[in-house]
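This report describes the architecture of one protein chain, from its overall make-up to selected side-chain arrangements. The sequence and the structure are shown first.

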Amino acid sequence: MAVQNPEGQPKFFLGVFSCHKYKYTNSDLAKDWFTRPKADRLSGIRNSWLKDVTCDYKIIKGIGDEALRQPDELFLNCMDDYHHSTDKLRALIKYTFDKGYDYLLKVDDDVYLYWDRLMQNVPTADYVGGGPFGPGDTYCSGATYWLSRRAMNILLTSPAGCWAEDRWAGEALNRNGIKCAFDTRYHVVKPTRTNQYISDADLALPNNYLTLHSLSPDQMRRHHHGH
């Protein structure tokens, strides 16, 4: 049975971007300049904020063995690797659009989501996310962003471009007159070369974030139970 959104809110779908197995190549790490850990991220979100979600959602993966698919997972007809993230996003958008949702909320699987706060700040703009991180940025952080039905329709008919889905989406929307409504409450921690996670000291500080990228699975559990 579909979970209903709170009264008066648009119908939206939460897609948690994940994969079957984390396999980062040396070229991937060189592009990102920092180490991407291969932790069990899904255990972190399943044992923390995902339990609070009150809308329709799925953990999004590419092609895989359907016999291994968990009830909260959706396997899309696309490659599952890092360099096909744009194809995965396009497949997710098509699924969301065809199901009649008003918005897609795309969240990476190492993001902590403050569900109650987010429900008090459901956007009305076509494209909303964190940033900007530099002058002239036309796309928001891929960690978390919203796409309206209008934005999804544009992306469904936009040609493929950059393999990085966040950049492709932002640049395609910008070409069609939709700019990101940046909101710093979709917070992104600046990584170091060897660590992309927030420090425990900073995580313990009060904040007004709607989402926070990124936390380790252990930090997810500890933060949720102590929040």
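What percentage of the 227 residues in the chain do buried residues make up? The share is 50%, where buried means under 20% relative accessible area, exposed over 50% and partly exposed in between, with a 1.4 Å probe and protein chains only.

## Basis of the model

This is a predicted model, in which local features need pLDDT of at least 70 and side-chain atom pairs count only at pLDDT 80 or more, while totals for chains, interfaces and linings use all residues. Residues are numbered from 1 along each chain as its sequence is written, and side-chain values use heavy atoms, with hydrogens and water left out.

## Overall organisation

The chain has eight helices and ten strands; these are DSSP runs numbered from the N terminus, with helices (H or I) of at least four residues and strands (E) of at least two. Of the contacts between residues at least 6 apart in sequence, 71% join residues at least 24 apart, a contact being heavy atoms within 4.5 Å.

The accessible surface of the chain is about 11100 Å², and carbon and sulfur atoms account for 51% of that surface. Such areas come from the Shrake-Rupley method with a 1.4 Å probe; for residues, only the protein chains shown count as cover.

## Nonpolar cores

A nonpolar core is a set of buried Ala, Val, Leu, Ile, Met, Phe, Trp, Tyr and Cys residues joined through side-chain atoms within 4.5 Å. The largest has 32 residues, and those with the most contacts inside it are Phe-12, Leu-14, Trp-49, Trp-115, Leu-118, Trp-146 and Leu-212. Two or more residues of this core come from each of strand 1, helix 2 (41–46), strand 4, strand 5 (111–113) and helix 4 (115–119). Another core, of 27 residues, lies apart from it and includes Phe-13, Tyr-101, Trp-168 and Ala-172.

## Helix 5

Helix 5 (residues 149–156) has Ala-151, Met-152, Ile-154 and Leu-155 as its buried residues. Viewed down the helix axis, the buried residues fall within an arc of 160 degrees, so they line one face of helix 5; the arc is that of the directions from the helix axis to the C-beta atoms. Their packing partners are helix 3 (85–98), strand 4 (103–108), strand 7 and helix 6 (165–175).

## Aromatic rings and charges

The whole structure contains eight aromatic pairs. Rings of Phe, Tyr and Trp (its six-membered ring) pair if their centres lie within 6.5 Å; planes under 30 degrees apart count as stacked, over 60 as edge-to-face and the rest as tilted. Tyr-112 and Tyr-114 form an edge-to-face pair, at 4.9 Å centre to centre and 70 degrees between the planes, and both residues are buried. The ring centres of Tyr-127 and Tyr-145 are 6.2 Å apart with planes at 85 degrees, so this pair is edge-to-face. It links distant parts of the chain, with Tyr-127 in strand 6 (residues 127–129) and Tyr-145 in strand 7 (residues 144–148), 18 residues apart. Phe-12, Tyr-103, Trp-115 and Trp-146 form one aromatic cluster.

A charge sits over a ring if NZ of Lys or CZ of Arg is within 6 Å of the ring centre and within 35 degrees of the ring normal. Lys-11 lies over the face of Tyr-101 at 4.7 Å from the ring centre, and the charged end of Arg-149 sits over the ring of Phe-97, 3.8 Å from its centre.
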